[in-house]
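Dear colleague,

I am handing over the structure below, and after it I set out what was found in it. Please read the notes alongside the coordinates.

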Amino acid sequence: MENLSQNQYNYFFGGINTMHSPHKHTNRCFPFTVVVHVNEGQYLCYYKDKIIVANSGETLVVPEYVLHDIEMKEYGYLSWAHICAHINGNDILEGYDSPFIIGSAFSNYFKTFLNALNNTKIESLSLQALK
């Protein structure tokens, strides 16, 4: 039987539909996944020589340890969270080496997930606890 104690989920912090003024942050590289749903506005992610644009209704996902910059050129509203999810000790996004966009059709599920996640007091959840 699989050892579920190695399956771990951690929520660090986030926000629900928070207003953000224009800003830019460079040289970001975190030991957690960044998930940002754009409720209103546009969120830019610079990765190597690419510009990845998340528009209203879309979700940007930046896997662990991916060096990137972010920018909002105008005011906007975001729902976001910094999380880790590991199965058998491995990051669930281990095969992804660059940020990516989840389109608006599926992105609404992430918005619902982020809102629920940010409304809970649970900071760390092991799959073992779900048994």
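**Confidence and conventions**

The protein chain has a mean pLDDT of 84, with 88% of its residues at 70 or more, pLDDT being the predictor's confidence in each residue on a scale from 0 to 100. Residues 123–131 have a pLDDT below 50, and beyond near neighbours in sequence this stretch has 16 contacts in the model, a contact meaning heavy atoms within 4.5 Å. This is a predicted model, in which local features need a pLDDT of at least 70 and side-chain atom pairs count only at pLDDT 80 or more, while totals for chains, interfaces and linings use all residues. Residues are numbered from 1 along each chain as its sequence is written, and side-chain values use heavy atoms, with hydrogens and water left out.

**Overall architecture**

The protein chain contains one helix and eleven strands, where helices (H or I, at least four residues) and strands (E, at least two) are DSSP runs numbered from the N terminus. Along the sequence the pattern reads β-β-β-β-β-β-β-β-β-β-α-β. Among the contacts in the protein chain with a separation of 6 or more, 82% are accounted for by residues 24 or more positions apart. Of the 131 residues, 41% count as buried, on a scale where buried means under 20% relative accessible area, exposed over 50%, and partly exposed in between (1.4 Å probe, protein chains only).

**The largest pocket**

The largest pocket has a volume of about 160 Å³. A pocket here is defined on a 1 Å grid over the protein atoms alone, as an open set of points where a 1.4 Å probe fits, with protein on both sides within 12 Å along at least five of seven lines, and lining residues have an atom within 4 Å of a point. Grid points are joined across faces, edges and corners, and the volume is the space filled by probe spheres set on the points. The lining consists of Y9, T33, V35, V61, I83, C84, A85, I92, L93, F110 and F113. Strand 3 (33–40), strand 8 and helix 1 each supply at least two of the lining residues, and strand 8 gives the most, with three. By residue class the lining divides into ten nonpolar, one polar and no charged, with Ala, Val, Leu, Ile, Met, Phe, Trp, Tyr, Cys and Pro counted as nonpolar, Asp, Glu, Lys and Arg as charged, and the others, Gly among them, as polar.

**Two buried residues**

S107 is placed in helix 1 (residues 104–118) and is buried, with a relative accessible area of 0%. The side chain of S107 reaches the backbone oxygen of G57 at 3.1 Å, and, leaving aside neighbours within four places in sequence, S107 is in contact with H37, G57, E58, T59 and I102.

P63 sits in the loop between strand 6 (59–62) and strand 7, and at 2% relative accessibility it counts as buried. Not counting residues up to four places away in sequence, P63 touches F32, T33, L93, Y96, S98, P99 and F100. P63 and I92 are 29 residues apart in sequence and 9.1 Å apart in space, C-alpha to C-alpha.

S21 belongs to the loop between strand 1 (8–20) and strand 2 (23–28), and is partly exposed, with a relative accessible area of 35%. The C-alpha atoms of S21 and G76, 55 residues apart along the chain, are separated by 6.8 Å, and beyond four places in sequence S21 is in contact with M72 and Y75.

K73 lies in the loop between strand 7 (68–72) and strand 8 and counts as exposed at 52% relative accessibility. K73 touches P22, L44 and Y46, not counting residues up to four places away in sequence, while the C-alpha atoms of K73 and Y43, 30 residues apart along the chain, are separated by 8.0 Å.

**Positive phi values**

Most residues other than glycine have a negative phi. K48, in the loop between strand 4 (42–47) and strand 5 (50–55), has a positive phi near 50 degrees without being a glycine, and is exposed, with a relative accessible area of 72%. N88, likewise not a glycine, has a positive phi of about 50 degrees; N88 lies in the loop between strand 8 (76–87) and strand 9 (90–91), and counts as partly exposed at 37% relative accessibility.

With best regards

Key
Polar contact = N/O pair within 3.5 Å; in protein donor to acceptor, adjacent residues only side chain to side chain.
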